[in-house]
Amino acid sequence: MELIGLTTVNIVDMPMGAGKTCAAINYMNEHVNDKKFMFVTPYLDEAQRIADCCPYNKFEQPEVYGNKLNGLKFLLQHGRNVAITHALFGHFDQETREAMEHWGYTLVMDEVAQVIDSLKITTKDWKNIIQHHAHVENDCVVWDDLEYRGAYNKYMKLAVNKSMVYDSQESKLFWSLPVDTFKTFEDIYVLTYMFDAQMQKYYYDLHNLNYQYIGVTGDSINNYYFTKSHIQAPLRIKELVRLNTNEKMDRIGKNRCSLSRSWYQRQTGQDNEMIRTLRNNTRNFIYDICRKKSGESIWTTFGAYQKKVQPRGFIKDFVPLNARATNHYGDRSCVAYLVNRYLDPFIVRYFGRRNVVIDQDKYALSEMLQFIWRSAVRNKKPIDLYVPSKRMRTLLTEWIDQQESI
């Protein structure tokens, strides 16, 4: 089934559990002989699942020839179907893109990729680079001395790959996925939910990359398939989510910036009073209120603060904040979401000055829903939920009510 031309990206924007991956598998199995596929997923085990479900496509994962990127290049140069992780996708270079373009690959991306991030570099190093080795052209850092070998090699590689961006107004450097990586593919299918809240959408808008929304039709009995119509059924979960109602436990997140990354940065020391309170609240919620043992709950915070926050007895129940596209925790009925999400303000301002306005609240809600859906609620089972941030809790309850009213 052909849905798009060569320059359009298909956004398969459907709720978690709507059959997006199954529809993608059926699509790939329908095109064994006339398309080359690259399937990109957050996890290696999901890449193996694709290989198992598409036996005639003979999906391969790259071996390490010095590094995995070299292994991937070998497979692409020989026109093999590949299943890789998001992490590897972010390292593509010009040689990788040329191999893909030669064969005309179709990209199937399970969940959005990281497309931009702040670069850490000292002011002194940046001055040396811009004075002696590179210049800025249309926000892109261009490396002048291609024979250079020295302390700035990693920055040279970024610049040569067109993935080093400079915001002159704030003297800020970013890593950004080269848009040519997406333009190299013949067809693209992005499997996600609430795409209009995500960074990849804003990135497409910034680079004027066309995209259209499509849907999924079918069910677990008749199987799932892509469809041109994009109709989303509401996610009615009000009866399944039992939010913590203990006001004392929620007090820690009463301010708009409480539990944000900057809030955590201000709480220094393992025995900081606020951190200790949050840690005790989380254990109280999981162990005393929900009556769960280790292996029956999931909780999260920013990775840098995991060890400070981890509740006694539930260390192994930690799940990374950006977890998505996995069913491994579908039996967990107790969830603690201990963060207040905001995008990097430098990135928000950079996009805003280029007429791409980012909705911080919508982004935060989207990220939270992705995490909550790792739990038993994805299987339509009830969960107990602790969201101490008042801002995040309000976003969630308003969204739940909206879904009920549709």
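Reader: Is R332 buried or exposed?
Author: This is a predicted model, in which local features need pLDDT of at least 70, side-chain atom pairs count only at pLDDT 80 or more, and totals for chains, interfaces and linings use all residues. Residues are numbered from 1 along each chain as its sequence is written, and side-chain values use heavy atoms, with hydrogens and water left out. Buried means under 20% relative accessible area, exposed over 50%, and partly exposed in between (1.4 Å probe, protein chains only). R332 has a relative accessible area of 12%, so R332 is buried.

Reader: Where does R332 lie?
Author: Helices (H or I, at least four residues) and strands (E, at least two) are DSSP runs, numbered from the N terminus. R332 falls in the loop between α13 (306–309) and β15.

Reader: Which residues does R332 touch?
Author: Contact means heavy atoms within 4.5 Å. Leave out residues up to four places away in sequence. Then R332 touches G295, E296, S297, I298, D317, S375, A376 and I383.

Reader: Which residues of β15 point one way, and which the other way?
Author: In a regular strand the side chains alternate between the two faces of the sheet. Strand β15 covers residues 334–337, and all four of its listed residues are buried. C334 and A336 point one way; the other way point V335 and Y337.

Reader: How many bridges join β14 to β15?
Author: Two strands pair if DSSP finds at least two bridges between them. β14 and β15 run parallel. In this pair, T300 stands opposite Y337. The bridges joining β14 to β15 number 4.

Reader: In what sense do β11 and β12 pair?
Author: Strand β11 takes in residues 211–219 and strand β12 residues 223–227. The two form a hairpin, with 3 residues between them. G218 stands opposite Y224 in β12. Over 5 bridges, the sense is antiparallel.

Reader: What is phi of N208?
Author: Most residues other than glycine have a negative phi, and most peptide bonds are trans. N208 has a positive value and is not a glycine. N208 sits in the loop between α9 (199–206) and β11, and is exposed at a relative accessible area of 65%. Its phi is near 55 degrees.

Reader: What is the phi of R291?
Author: R291 is found in the loop between α12 (273–289) and β14 (297–300). R291 is exposed, with 66% relative accessibility. R291 is not a glycine, yet its phi is positive, at about 60 degrees.

Reader: What is the radius of gyration of the chain?
Author: The chain has 16 helices and 16 strands. The radius of gyration is taken over C-alpha atoms, and the globule rule is 2.2 Å times the number of residues to the power 0.38. For 406 residues the rule gives 22 Å, and the chain comes close to that, so it is as compact as a globular protein of that length. The radius of gyration of the chain is 22 Å.

Reader: What part of the chain do buried residues make up?
Author: Along its principal axes the C-alpha trace spans about 60 × 60 × 40 Å. The chain holds 406 residues, and the buried part is 54%.
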